[in-house]
There are 2 protein chains.
Amino acid sequence: IKPLSTHYGNRGMSLEKDINITNTYYLQTNRAVIHKKPTPVQIVDVHYPRRSAAVIKEAYFKQASTTDYNGIYRSKYIDFEAKETKNKTSFPLANIQDHQIKHMEAVLQHGGICFFIIRFAANDETFLYPAKYLLMDWKHHLKNGRKSIPYHRIQQNGVLIPFKFQARVDYLSVVDRLYFK
Amino acid sequence: IKPLSTHYGNRGMSLEKDINITNTYYLQTNRAVIHKKPTPVQIVDVHYPRRSAAVIKEAYFKQASTTDYNGIYRSKYIDFEAKETKNKTSFPLANIQDHQIKHMEAVLQHGGICFFIIRFAANDETFLYPAKYLLMDWKHHLKNGRKSIPYHRIQQNGVLIPFKFQARVDYLSVVDRLYFK
Ligand SMILES: [Mg+2]
Ligand SMILES: [Mg+2]
């Protein structure tokens, strides 16, 4: 599929922002209930000033134990991770955690819909890449030390996500085609 | 159902802790993939000291937009909120937010399993209370200003959750009975 020409309107916004806008639209139109999980934070010190809100004075970022987004669509559990890269020819596996892979395996095993949304920022292309391919790539990575997924593989096994005005990353149109036929 | 006598071992631990232990057990035994969502925090100021981890120096608690827990069980989306009360005769509605109610309505509409886990700490009883009853109670609350759900109603329409050594709040045994018959 070719992206709509309007998808260049996309440039400069972060993938996460685009997905959040899309999810709000899906929620408002009653299409799906999908939310970003909050950033996990280890809270160490909290102050409680009089007459005002509690202030967190010391906290640290924790590793996420799962993926970025989950929810329900067409009665199915849906779960995905969003990643953006500036690379043009491959998607680096370096910032995917082992426990995220385990989580994705478990979700597939239990019958959920699971995928990555990968944006190649340089050419402003955003792909839905099903978890089953990513799990295969991960195995290759463990076996051969390959550090990234070639762009052409994602282009071949993934599906380009169209840009729409309100659903800036209209991934559910791709989910419909891939998981509900 | 009568609680197991061993459920008194439960005393003194918080409900959330018990549920987290239970979820870890469910995950390890490959029974379900259910996680607590991180506490939502608005981060205002972060320091990046040399040679050590980023420190959040100012942040505030945000209202959760959904519920405490979600995940997948027997191919179904599952979503719930956990609340503990010291009251003996009723469960206060005061700390339930309007948008949490909206979220629960949407989850039910999309075919998900949705409920509250309510613990009456004084008598150490923990109930699974299906969302459909809570949504009815909420409507009464809006109409008549009723500020709480009577204990006997929760006892009647909810199901007591058994305590088990590894699954301290073994709510999936109740989910099996209520949602998969
Ligand atoms: Mg991400
Ligand atoms: Mg709670």
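This is a predicted model: local features need pLDDT of at least 70, side-chain atom pairs count only at pLDDT 80 or more; totals for chains, interfaces and linings use all residues.
Local features need pLDDT of at least 70 and side-chain atom pairs count only at pLDDT 80 or more, while totals for chains, interfaces and linings use all residues. Residues are numbered from 1 along each chain as its sequence is written, chains are lettered from A and ligands numbered from 1 in the order written, and side-chain values use heavy atoms, without hydrogens and water.

Colleague: What area is buried between chain B and chain A?

Modeller: Contact means heavy atoms within 4.5 Å. On that rule, 35 residues of chain B touch 35 residues of chain A. Carbon and sulfur atoms give 66% of the buried area (accessible area, 1.4 Å probe, lost on being put together, summed over both parts), which is about 2,900 Å².

Colleague: Which element gives the largest share of the side of chain B that touches chain A?

Modeller: Strands (E, at least two residues) and helices (H or I, at least four) are DSSP runs, numbered from the N terminus. Elements giving two or more residues to this side include strand 1 (33–36) and helix 2 (98–109) of chain B. The largest share is 7 residues, from strand 3 of chain B.

Colleague: Which residue is the bridge partner of A:Ile56 in strand 3 of chain B?

Modeller: Two strands pair if DSSP finds at least two bridges between them. Strand 3 (residues 55–61) of chain A and strand 3 of chain B run antiparallel, joined by 2 bridges. The partner of A:Ile56 is B:Ala59.

Colleague: Which residues coordinate the magnesium ion (ligand 1)?

Modeller: Donors are N, O and S atoms within 2.8 Å of the metal (3.2 Å for Na, K and Ca); water is not among the atoms, so sites may look incomplete. The donors follow the spacing D-x12-E-A along the chain. At 2.2 to 2.8 Å, the ion is coordinated by A:Asp68 (OD), A:Glu81 (OE) and A:Ala82 (O).

Definitions and conventions. Buried area is the accessible area (1.4 Å probe) that two parts lose on being put together, summed over both.
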